[in-house]
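Could you walk me through the pockets of this protein, telling me what to select at each stop? I have the viewer open and would like a short tour.

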Amino acid sequence: MKNTALSATHEKLGAKMVPFAGYNMPVSYEGVNIEHETVRKGVGVFDVSHMGEFLIEGPNALDLIQKVTSNDASKLTVGKAQYSCLPNETGGIVDDLIVYKVKEETYLLVVNASNIEKDWNHISKYNADYKAEMKDISENYSLLAIQGPKAVEAMQSITSVDLEQIRFYNFVVGDFAGIEHVIISATGYTGSGGFEIYCKNTEVKQVWDTVFEAGAAYGIKPIGLAARDTLRLEMGYCLYGNDINDETSPLEAGLGWITKLSKDNFVNKDGLAKQKEEGVKRKLVAFELNERGIPRQGYAILDKDENEIGSVTSGTMSPSLGKGIGLGYVPTEFASPGSNLKIQIRKNSVGATTIKLPFYKD
């Protein structure tokens, strides 16, 4: 089991630690509902240093990224980031990721912790044709997500960068918490605004301590991975391994907006173009329960006659809405918002209605 540079800090703070993607990670401190509300209404900090980071550099860096990702990285300028995915050759998704353009020929790819080796091998396979310089810097860098509506105000005193001016999916390399050359990125997976801070492992304890000193007056708290999951699910953001995987098409998953079929050849472009032309047979839908209950991953989704038509990929009791919510794949004819479904929760079939995302609207 690997530790992040802050694992001992989390343990001292009384975090409940669990194994996650090979790392010893904090799942909760005070409880998921309290931590969830802290991010929705104030400001909280996640240690997500288990995530992977690859540097892709050189004259052919963009060509390699264009080959292996679904989105159009040629649209990126220095200081911009882009959500994307790595399509596989058989119609599924190797991983979802964020691509940062750091310099003219330098890109940072941020990938899921559980897929670091898989992603590296997949990209390396295609790099045989491009000879870009690839570096896996995952073991040397830490990542903090400072999330919530008070994040800008709470953090402004510890940087000379005007945080208010960093737009969504833009980033600045600047000073932060007394450390130079930190990536301050207006990204996150909570839907409540804030920043993600990339720094070296040797610097992250200073950053963590300074962040909590600066945020004390704003009620800042450490947040665990359990609340990260409820926050992302309320926004309908896909989680790799649950809602998307090697067998799910980005078009089925509602990720057509990051699948740019207009760009030159990329992995499985022809297959995805054919699928778009013919139409997908199933879609990832969002649903709310009409009565009490908690949908869990793997629970059967039924039609009104109680025939099984799919299964829940992510589900929880929404802390913000006070009702059961979830995602799951169903045949296309059941995918329109307002469709009536049932979720098999143990011995009961509980009524549910499909909705348009997000679940939570600020």
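**Stop one: the largest pocket**

Start by selecting Gly-236, Ala-253, Gly-254, Leu-255 and Trp-257, which lie nearest the centre of the largest pocket among its 34 lining residues. A pocket here is an open set of points on a 1 Å grid over the protein atoms alone, where a 1.4 Å probe fits, with protein on both sides within 12 Å along at least five of seven lines; lining residues have an atom within 4 Å of a point. This is a predicted model: local features need pLDDT of at least 70, side-chain atom pairs count only at pLDDT 80 or more, and totals for chains, interfaces and linings use all residues. Residues are numbered from 1 along each chain as its sequence is written, and side-chain values use heavy atoms, leaving out hydrogens and water.

Next, colour β6 (81-87), β15 (282-289) and β20 (348-355), the elements that each give two or more residues to this lining. Strands are DSSP runs of E, at least two residues, and helices are runs of H or I, at least four, numbered from the N terminus. With four residues, β15 provides the largest share. The largest pocket holds about 870 Å³ of space.

**Stop two: the second largest pocket**

Now select Phe-20, His-50, Asn-112, Arg-228 and Leu-239, which lie nearest the centre of the second largest pocket. Its lining has 31 residues, and its space is about 650 Å³. Show β2 (16-20), β7 (93-103), β13 (194-200) and α7 (225-235), each supplying at least two lining residues. Finish on α7, whose five residues make up the largest share of this lining.

Notes
Grid points are joined across faces, edges and corners, and a volume is the space filled by probe spheres set on the points.
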